[in-house]
Amino acid sequence: MTSPLDSTVLFQIGPIQISQAIVTTWAIIGILVVGAFLLTRRLDLRPTQRQAALELLVTTLDTQITETTGAAPAPYRGFIGTLFLFILVANWSSLLPGIDPPTAMLETDAALAVLVFLSVIWFAILAGGVGGWLKSFATPNPVMIPLNILQSLTRVFSMFVRLFGNVMSGAFVIGIVASLAGLLVPIPLMALDLLTGLVQAYIFAVLAMVFITSALEQGTPNPANTDLTPKKKDT
Amino acid sequence: MEYIAITSIFCATFAVAFGAIGPAIAEGRAVAAAMEAIARQPDAANSISRTLFVGLAMIETTAIYCLVIALLLIFANPFLV
């Protein structure tokens with residue numbers, strides 16, 4: 001049985017080993033970029049069916065961002081939306097036969113978590129300057145400085161281990177059941193995996209959003225809640 | 001050599017078994033509390049369930065740490081090689 005912590009190397013470019021997860025990641029990036037380009041090529045004031053579906057997606061994202069954090073969604077829409085869509089497609093790529101989801105590998109999740117870590121710093125500096133970002137470590141009082149620094153590292157680590165553990169264990173269990181039982185038996189588990197993948201992508205995006213705005217509100221006196229909850233969902 | 005392998009397998013099993021107890025109880029309590037809150041205030045179901053999901057993810061992390069430790073013991077044990 002192959003270890004879930006190892007990655008299979010496909011080929012080598014110079015000194016860099018290209019693993020299977022990286023090739024899958026490239027394919028997902030390509031699909032997302034080309035799809036986004038093709039779908040938004042001809043936008044109109046009177047939306048077609050395709051544009052209405054896209055607008056529904058973007059509005060849902062905006063509503064989620066606003067309701068989670070109370071901030072205006074515009075500066076975060078790109079990053080959080082891309083994060084959510086990429087993780088969702090990566091998690092669900094395990095449905096295609098022969099493809100391991102790249103999020104079931106340590107390095108992909110680590111890269112995503114590092115992105116979140118950097119974006120927290122980036123948005124905090126954008127909002128309050130370097131001084132504001134540094135001062136945010138001293139809230140509520142300077143005694144908390146080492147704890148705050150430790151927290152900013154451990155929460156990124158826990159994000160990455162959470163995504164890895166969930167996706168990897170789903171793929172691993174399917175592999176074990178398929179090797180024990182047979183062809184059609186793992187299908188209910190794969191359906192469960194779909195749900196887990198969606199929930200994990202959602203949680204990753206929401207947590208990234210929460211971390212970003214928590215650093216923001218400590219740094220600036222006025223959080224940017226200009227259009228708070230533009231529309232309410234009736235459910 | 002064999003003792004290390006045996007101990008690693010036992011410890012991996014115990015890590016997952018006992019590490020799952022705490023998060024299971026905690027998640028049960030969290031879901032029960034959220035159910036009660038939704039029953040009392042159905043209007044707030046959206047925000048309650050969103051907070052619930054994030055909280056569940058946080059609780060679940062401890063169980064996943066145990067899983068990762070178990071995997072390390074079995075697949076990447078530095079004392080076994």
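**Entry 1: the bridge between the chains**

I began with Glu67(A), which forms a salt bridge with Arg50(B); the closest N and O atoms are 3.0 Å apart. My rule for a salt bridge is a side-chain nitrogen of Lys or Arg within 4 Å of a carboxyl oxygen of Asp or Glu. Across the interface of chain A and chain B, that rule finds 1 salt bridge.

A note on what I am reading: this is a predicted model, where local features need pLDDT of at least 70, side-chain atom pairs count only at pLDDT 80 or more, and totals for chains, interfaces and linings use all residues. Residues are numbered from 1 along each chain as its sequence is written, chains are lettered from A and ligands numbered from 1 in the order in which they are written, and side-chain values use heavy atoms, with hydrogens and water left out.

**Entry 2: the rest of the interface**

I then looked up polar contacts (a pair of N or O atoms within 3.5 Å; within protein, one must be able to donate a hydrogen and the other to accept it, and residues adjacent in sequence count only if both atoms are side-chain atoms). The interface of chain A and chain B has 3 residue pairs in polar contact, both residues at pLDDT 80 or more.

Which elements of chain A give two or more residues to the side that touches chain B? They are helix H2 (49–69), helix H5 (145–180) and helix H6 (187–219) of chain A. H5(A) gives the most, with 10 residues. Helices here are DSSP runs of H or I with at least four residues, strands are runs of E with at least two, and both are numbered from the N terminus.

I count Ala, Val, Leu, Ile, Met, Phe, Trp, Tyr, Cys and Pro as nonpolar, Asp, Glu, Lys and Arg as charged, and the others, Gly among them, as polar.

With contact meaning heavy atoms within 4.5 Å, chain A brings 26 residues and chain B brings 16 residues.

**Entry 3: inside chain A**

I read chain A along the sequence as β-β-α-α-α-α-α-α, with 6 helices and 2 strands.

A search of the whole structure gives 3 salt bridges over all chains. One I looked up joins Asp62(A) to Arg77(A), with the closest N and O atoms 2.8 Å apart. That pair links distant parts of the chain, from helix H2 of chain A to helix H3 of chain A, 15 residues apart.

Next came H3 (residues 74–92) and H4 (residues 106–135) of chain A, whose axes come within 12 Å and cross at roughly 170°. H3(A) is therefore roughly antiparallel to H4(A), a label for angles over 145 degrees. Among the residues that meet are Phe79(A) and Phe86(A) in H3(A), and Leu112(A) and Phe123(A) in H4(A). The contact of H3(A) with H4(A) has 10 nonpolar, 2 polar and no charged residues.

Notes
Axes are lines fitted to C-alpha atoms, for helices over the stretch in contact, and angles run from 0 to 180 degrees between N-to-C directions. Angles under 35 degrees count as roughly parallel, over 145 as roughly antiparallel, 65 to 115 as roughly perpendicular and the rest as oblique.
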